[in-house]
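Please keep the sequence and the structure in view while reading.

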Amino acid sequence: IGYFTANAPIVVLLWFVFFLFRSVRMMRGLMFVHTAKHRQVSEPVGYWKNRVELLCKKLQLKQAVKLLESGYVKMPMVIGHLKPVILIPAGLLAGLPPEQVEAVLLHELAHIRRHDYFVNFLQTIAETVFFFNPGLLWISALLRDERENCCDDIAIAQTKNKREFIEALISFKEHSLYGTNYAVAFPGKKNQLLQRVSRILNNKNKTVTSGEKVFLI
C-alpha cells in the first residue's frame, strides 16, 4: 500500500494509458455495430418477416424485432436493445434449409429476450475500466460462454431438434471462413464451436473446477 501511495502518479498514468487503448478498441466496436446496422442492408422477403413475428410470439417476446439481410456482416448478430435488429448475411436465408435458419433466428431472439446486448455492453465497460483485474476478466469470459449456452438451450427447446441446430452451427461457421471473423459471430470463436457442439450432444454443462474456485477466491 505504501509503495502504490508513494508512486500513485505513475500508477494512475499507466492505468490511463491502457484505459485509453481499451477505450479506443471499444469505440471501434461501437462504430462497427453502427455501420453494420446501416450499410448494405435490405429487408428479406415477406415470408421471413412473418416467421420472425411468429417466433417472437413463441418465445413470448413483446419487443418488435426487425430482420435485415446484410452484405456487410459474415455472421448473424443482434444489434440494439430498445429497438433490436437481427442481421443475417445476404444469401443465407435462401441458401440454407428453413429449419436451420429458424434455429439460428431462435438463438438470436433468445439473446433479445435475455437482454444480452445490454448486458454485454455493461461487461465491455467493466472490462475497459478494470482491465487489470484477472478475476473480473475471467468471470466475464465465463458469462459470455454461458450466455451462448443458454441461448442454444432455448433454441433447441423450441425446435426439439439438436441435429438441425448443430448443422446450422457448422454451416454458419463454414460461411465465416470465407470472410472476416467478427467478435459477435453466431458460432463463436476458436474452439468455442467444438465446445458448444460437445455440450449439446452430451447434455453436459461445464462446471467450475476446484482450481478455478481457488483462483476466483
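The confidence values below are pLDDT scores, pLDDT being the predictor's confidence in each residue, from 0 to 100. The model is a predicted one, and across the protein chain pLDDT averages 85, with 92% of the residues scoring at least 70. Confidence is highest in helix 6 (residues 116–129), at a mean of 93, and lowest in helix 10 (residues 210–216), where the mean is 77. Over residues 178–185 pLDDT stays under 50, although the model has twelve contacts beyond four places in sequence for this stretch. Where pLDDT is low, the predicted coordinates should not be read in detail.

**Overall fold**

Ten helices and four strands make up the secondary structure of the protein chain, and their order along the sequence is α-α-β-α-β-β-β-α-α-α-α-α-α-α. Taken along the principal axes, the C-alpha atoms fill a box of roughly 65 × 40 × 35 Å. Of the 217 residues, 39% count as buried, and among contacts between residues at least 6 apart in sequence, 67% join residues at least 24 apart.

**Nonpolar cores**

The largest nonpolar core has 35 residues, and those with the most contacts inside it are Val65, Ile86, Leu105 and Leu109. Two or more residues of this core come from each of helix 3 (46–58), strand 4 (85–89), helix 4 (92–95), helix 5 (98–113), helix 7 (134–159), helix 8 (162–176) and helix 9 (192–202). Helix 5 gives the most to this core, with eight residues. Leaving aside residues up to four places away in sequence, Leu105 touches Trp48, Val52, Leu55, Leu67, Ile86 and Ile88. A second, separate core of nine residues includes Val33, Ala36, Met77 and Ile79.

**Two residues compared with the burial cut-off**

Beyond residues up to four places away in sequence, Ile112 touches Leu61, Gln63, Val65, Val78, Pro84 and Ile86. His115 is placed in the loop between helix 5 and helix 6, and because its relative accessible area is 41%, His115 is partly exposed, a class that lies between the 20% limit for buried residues and the 50% limit for exposed ones. For each of these residues, the table gives one C-alpha separation to a residue elsewhere in the sequence.

| Pair | Separation in sequence | C-alpha to C-alpha distance |
|---|---|---|
| Ile112 and Val85 | 27 residues | 9.3 Å |
| His115 and Pro84 | 31 residues | 9.9 Å |

**The second largest pocket**

Rolling a probe the size of a water molecule over the atoms shows where empty space is left. The second largest pocket has a volume of about 400 Å³. Its lining consists of 18 residues, of which Asp145, Glu146, Asn149, Gln195 and Lys206 lie nearest the centre of the pocket. Helix 7 and helix 9 are the elements that give two or more residues to this lining. By residue class, the lining divides into four nonpolar, seven polar and seven charged residues.

Definitions and conventions: Residues numbered from 1 in each chain as written. Predicted model: local features only at pLDDT ≥ 70, side-chain atom pairs only at ≥ 80, totals over all residues. Heavy atoms only, no water. Contact = heavy atoms within 4.5 Å. Core = buried A, V, L, I, M, F, W, Y, C linked by side-chain atoms within 4.5 Å. Buried < 20%, exposed > 50% of the residue type's maximum accessible area, 1.4 Å probe, protein only. 1 Å grid on protein atoms, 1.4 Å probe; cavity = no way out; pocket = protein on both sides within 12 Å on 5 of 7 lines; lining within 4 Å. Points joined across faces, edges and corners; volume = space filled by probe spheres on them. Nonpolar A, V, L, I, M, F, W, Y, C, P; charged D, E, K, R; others polar.
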